[in-house]
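Work through each task before reading its solution.

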Amino acid sequence: VDLAAELLAGKVAAGARAIRWLDDGDARGRDILRQIFPATGRAHIVGVTGPPGAGKSTLVDMLITEQRARGRRVGVLAIDPSSPFTGGAILGDRVRMSRHALDAGVFIRSMGTRGAAGGLSRATYDAAAVLDAMGYEVVIVETVGVGQDEIDVVALAHSTVIVAVPGLGDEVQAVKAGLLEAGEVFVINKADREGVEQTQRHLELLLHLRAGRAGQGAWQPPLLRAIAARGEGAAAIADALEAHRAHLTASGEFVRQSGRRSEQQFLSLAREAALAQALERATPELLVAVRERRIDPYSAAARLFAAAAGASPPAP
Amino acid sequence: VSVAAPTSRPLRVLLAKLGMDTHTVGITVVAHALREAGMEVIFSGLKQTPEAVASAAIQEDVDVVGISSLSAGHTRSLPRLARLLHEQGAGDKLLVAGGVIPPEDVPLLTAAGYARIFTMGTDTREIVAYLENWRQQRLTADAAVR
C-alpha cells in the first residue's frame, strides 16, 4: 500500500501510522514526509499553551466544537510529559475531548515529550505536517503545562493562544515574561473565579508595555475571557484567531513563517545527521575515556568532530 | 559501550472503559504500572462506546487496547469493539481486558479476539510482563519480515 497516497487522501489510519513512525524515529516516516511536503503549508497551526491546570485541554475541546461549527476540519496534537526516568507517559488530554471521538472531521493524537524540552514532543513538527497534508484546515497543538520559557510552540504555530487563570498566586508566576512576549491571543480561562479582575489588570498592563515596544502595524494581542468548562468564550477566541490569520496573510507573514519552519526543520535534521555521523566514528575507547574522566568532554567532542570533518570534507 | 540511540519506541497502550460504570481505581493503577515500565498510556475517557474506543485506538495508532470492565455488558461491548477494529483495518492491535469478568465469559472473549483476560486481583507486574513479552515476540516477527 502507498501510505503517502492514502494519507494525502485523508485516510485516518495512514496518517496515524505515519505519525507513529515519525514519533519512533522510524526511517519510513521520513520518506513519507518527503512525499507529502508539497501538500503542506496550508493549515492554520494554532498553539495553545499555559501553566499546568489552566484548563488547556478543556479550552481545546471548546475550540474544536467552534471550529467544527464553522465548517473546518480540525487536527489536534496534545502533548504530555514523558517520564525522564522510565520514558513512560500517561497521556490523558483526549479524555476532555472525548465528545469528538466519532466526528470524522476531527483527528486527535496524544504525544509524550520523549525527552524533548520546550513544551513540545520531538516529532510535533512532523506530526503537524502530516495533519496539514491530510487536509485538516486547523491544527491545534496543545503543549505540556509550561513554566517559564518552554515556548517552542511559538516557532511552530502561526498563532499562539496563551491561557492564564485567576488565582494562581503570584500573578507574575501565572504568565511568565516569555509567554507574554510570545502569544497572539490571550485568554483568562475560568473567568468566573475570584481574582479575575486582578489577573485582567495585570495582563493588560504587561500587554500595554509590549504594545509600546511593538512597531506600527504590529498585531495587538486581544485579551479575552473564557469559561471553557461551560463552553463560554469560544466564538471570541475563534474570531481572534481568524483575525490573526488574516493579519499574517495580509502582511505575507503566513508564508514567511512556513519558510522559517522549513529552515528550522532543515537545521534540526542537519544537526541530527551530523551527530549520527560523528557518533558512528566514536570509538568505544573514546567513550570509555570520557566516562572514566581520563579526557575532558570538551576535548573529546572536539576530537570527534575533527575526525569527522577530516575524513569526509563537505562537498563544495 | 553503547551510545543511546536517538530514537525510542515505547509501547503505546490505550486504556479505556466501556459502558456506564465509573470505577477508575483499577485502570489508574494499571496505567501507572505501565508508565513505570516505560510505556505510553493513553486514556480515552469514561463511559465510552466501542465505536469511540475503536476510533481513538486508530487515531493514536496504539499497539495494545486494554479494556477495564467492572459492570455487566462486557459480553456484548467487548466483542463489538474487536469487530470494529477488525473491520477498520486495525486487527493487528493486541486486545486485552481486565476487571470483573466471570471465568465462564472468558472463552467467549477469547474467541472474539482478546488475547488475555486479567481477572480481579491480577498483580500489575503480571500485566507488564505479559505486554513486554508480547512486544518482544512481535519485534522478532517484524525483524523476520523486513
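Predicted model: local features only at pLDDT ≥ 70, side-chain atom pairs only at ≥ 80, totals over all residues.

**Exercise 1.** Which parts of chain B does the salt bridge between K93(B) and D61(B) tie together? Determine also how accessible the two residues are.

Solution. 
- Step 1: in this salt bridge the closest N and O atoms are 3.2 Å apart.
- Step 2: K93(B) lies in the loop between α3 and β4 (94–99), and D61(B) in the loop between α2 and β3 (64–69), so the bridge joins parts of chain B that are 32 residues apart in sequence.
- Step 3: buried means under 20% relative accessible area. K93(B), at 8%, is buried. D61(B) is buried too, at 4%.

**Exercise 2.** Locate the salt bridge between E51(B) and R80(B) in the secondary structure, then classify both residues.

Solution. 
- Step 1: the N to O distance between these side chains is 2.3 Å.
- Step 2: E51(B) belongs to helix α2 (residues 50–59) and R80(B) to helix α3 (residues 74–87) of chain B; the pair links distant parts of the chain, 29 residues apart.
- Step 3: E51(B) has a relative accessible area of 25% and is partly exposed. R80(B) is likewise partly exposed, at 34%.

**Exercise 3.** How many salt bridges does the structure hold over all chains? Name members of a network from each chain.

Solution. 
- Step 1: the total over all chains is 34.
- Step 2: one network of salt bridges includes R20(A), D23(A) and R94(A) from chain A, and R12(B), E40(B) and R138(B) from chain B.

**Exercise 4.** Which residues touch the most other members of the largest nonpolar core? Describe the surroundings of one of them.

Solution. 
- Step 1: this core has 49 residues, and the two in question are L7(A) and V130(A).
- Step 2: helix α5 (residues 124–133) of chain A gives the most to the core, seven residues.
- Step 3: leaving aside residues up to four places away in sequence, L7(A) touches several residues, among them A14(A), I32(A), I36(A), V130(A) and M134(A).
- Step 4: a second, separate core has 27 residues, including V60(A), V106(A), L224(A) and A228(A).

Definitions and conventions:
Residues numbered from 1 in each chain as written. Chains lettered and ligands numbered in written order. Heavy atoms only, no water. Salt bridge = Lys/Arg side-chain N within 4 Å of Asp/Glu carboxyl O. Helix = DSSP H or I, 4+ residues; strand = E, 2+ residues; numbered from the N terminus. Buried < 20%, exposed > 50% of the residue type's maximum accessible area, 1.4 Å probe, protein only. Core = buried A, V, L, I, M, F, W, Y, C linked by side-chain atoms within 4.5 Å. Contact = heavy atoms within 4.5 Å.
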